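Thanks for coming. I will go through one model, starting with the terms and then working from single residues up to the interface.

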Amino acid sequence: MSDQFWVGDAYGRVMGPAPLKVVAELIARGRLKELTRASTDGKTFRPIEQVPLLARLLTGASPEAPQALLAEAERLEGELKRLRALAPKQRLGAPDEASADACRGAFFATVKRFHPSRLPAGAPERLQQAFIRMSELLAATMEEIERAERSSAPSYASESFVGWHEELDGTIRVELDVGPADAHLFHVADHEAFFLPSREVLPLLQLVEVKLRFKTYRREVKAHGRVVAANPQGKTGMDIRLIGATPDDRKFLQYFVRKYEARRQAR
Amino acid sequence: MTPPIILVVDDDKFIRVAVCDSLRDSGFRLIEAENGNAALARLREVEPALVILDLFMPERSGLDTLGEIRKSHPALPVIILSSLDTETMIEEAFRLGASDFVSKPFHPTEIAHSVGKLVRS
């Protein structure tokens with residue numbers, strides 16, 4: 001008998017071929033939901049209730065014994081103790097010289113493992129609490145790293161800020177006057193992303209039309225952009241990343257940020 | 001010189017847009033497919049440098065698609081991008097020839113880092 005299964009959900013999606021143990025773990029951990037059909041050849045699907053091995057999994061019988069889940073809780077509690085003794089960046093597995101942006105990436109990759117949706121089916125209270133405490137520790141760690149970055153960051157030249165507005169056709173236009181004192185608005189590692197101060201924050205991934213005016217250079221950079229972060233590092237506003245800037249404009253932005261940000265940091 | 005092509009395969013348009021935005025300015029040409037069958041059709045037309053592949057899709061699953069890709073393009077790097085990130089699933093994906101596994105939800109830097117690592121190598 002084949003040990004390979006395909007399973008399909010109520011939305012027409014299919015997963016497989018995968019051995020029973022893989023499907024069982026996905027179901028037990030709540031990753032596969034609303035399964036309606038199954039197949040052992042990838043072609044002929046039957047209602048999942050008619051495939052006994054899989055039907056049993058759906059009745060809620062978790063393959064993970066309570067003892068295993070408690071052992072996992074105990075392991076996480078030990079891990080929490082170990083992490084608390086480390087420096088913030090070490091807790092995220094990032095090197096000491098890592099930027100806040102790199103730490104943010106490491107934080108995101110780590111914290112999602114402890115999202116409540118990742119709890120195994122039938123997780124005991126102790127394991128649920130360990131997930132919560134781990135998420136809280138990681139979030140507090142990231143806040144600590146961002147606070148440290150913020151305390152060393154200068155304020156931006158608000159008089160240069162123009163802002164954003166919505167046109168009648170729904171287009172969002174972002175405009176900034178950018179002077180040498182504003183170089184720190186741009187990310188040092190990613191010159192095509194910049195911070196836009198704003199009390200109202202647009203939805204993540206919102207597409208905008210961007211116009212940056214560099215008066216010192218009598219130059220305008222026009223490109224599309226997307227909102228990539230809301231209130232980053234506790235600042236009121238959003239990070240916008242340019243999309244499709246010309247190679248010449250990209251080169252200019254790199255030059256501008258390196259020149260003025262390096263000069264500011266040297267002071 | 002023509003830019004390297006990355007094929008992004010996911011039935012969720014939001015995910016495809018997010019992945020493409022993460023990589024657009026890295027000098028790649030990005031093309032999309034909304035399921036495994038569409039991805040295999042695109043592979044007959046273009047020669048991507050890398051494929052980013054969801055696992056749970058209509059018509060043809062990601063693992064089925066990965067198997068077909070391995071038959072026709074044994075050396076093509078394939079990054080699995082999926083929320084089905086249990087240990088046994090990740091092991092199975094690597095056993096079937098995945099080059100990397102990035103869990104959803106993802107941070108743009110995770111995708112960029114994984115792509116950079118594989119394209120450079």
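Contact, throughout this talk, means heavy atoms within 4.5 Å. Before I use it, the conventions. This is a predicted model, in which local features need pLDDT of at least 70 and side-chain atom pairs count only at pLDDT 80 or more, while totals for chains, interfaces and linings use all residues. Residues are numbered from 1 along each chain as its sequence is written, chains are lettered from A and ligands numbered from 1 in the order in which they are written, and side-chain values use heavy atoms, with hydrogens and water left out.

I start with A:T141. Setting aside neighbours within four places in sequence, A:T141 is in contact with A:P88, A:R91 and A:L92. A:T141 sits in helix α6 of chain A, residues 125-151; helices (H or I, at least four residues) and strands (E, at least two) are DSSP runs, numbered from the N terminus. Why is A:T141 called buried? Because its relative accessibility is 0%, and buried means under 20% relative accessible area, exposed over 50%, and partly exposed in between, with a 1.4 Å probe and protein chains only. The side chains of A:T141 and A:R91 are joined by a polar contact of 2.9 Å. A polar contact is a pair of N or O atoms within 3.5 Å; within protein, one must be able to donate a hydrogen and the other to accept it, and residues adjacent in sequence count only if both atoms are side-chain atoms.

Outside four places in sequence, A:K222 is in contact with A:V210, A:K211 and A:D249. A:K222 and A:L242 are 20 residues apart in sequence, and their C-alpha atoms are 9.0 Å apart.

Next, salt bridges. The criterion is a side-chain nitrogen of Lys or Arg within 4 Å of a carboxyl oxygen of Asp or Glu. How many does that rule give over all chains? The count is 25 salt bridges.

A:E77 pairs with A:R133, the closest N and O atoms being 3.9 Å apart. A:E77 is partly exposed at 21% relative accessibility, and A:R133 is partly exposed at 31%.

A:E146 pairs with A:R104, with closest N and O atoms 2.8 Å apart. Here helix α6 is linked to helix α5, and the partners are 42 residues apart. A:E146 is buried at 14%, and A:R104 is buried at 15%.

A:R213 and A:D177 form a salt bridge with a closest N and O distance of 2.8 Å. A:R213 is in strand β8 (residues 207-214) and A:D177 in strand β6 (residues 172-177), 36 residues apart. A:R213 is partly exposed at 21%, whereas A:D177 is buried at 18%. Through shared partners, salt bridges join A:E175, A:D177, A:R213 and A:K215 into one network.

Now chain B. It has 5 helices and 6 strands, in the order β-α-β-α-β-β-α-β-α-β-α along the sequence. Of its 121 residues, 58% count as buried.

Last, the interface. Chain A contributes 34 residues to the contact and chain B contributes 31 residues. Together they bury about 2600 Å², 57% of it on carbon and sulfur atoms; buried area is the accessible area (1.4 Å probe) that two parts lose on being put together, summed over both. The rule finds 3 salt bridges across this interface, and A:R31 with B:D85 is a salt bridge at 2.8 Å, N to O. There are also 12 residue pairs in polar contact across it, both residues at pLDDT 80 or more. On the side of chain A that touches chain B, β1 (4-9), β2 (13-19), α1 (20-28), α5 (100-111) and β10 (237-243) each supply at least two residues. The largest share, 7 residues, comes from β2(A).

Helix α1(A) is mostly covered, with 7 of its 9 residues buried. Those buried residues pack against β1, β2, β3 (35-39) and α2 (52-58) of chain A, together with α4 (87-95) of chain B. After α1(A) comes A:G30, whose phi is positive, near 75°.
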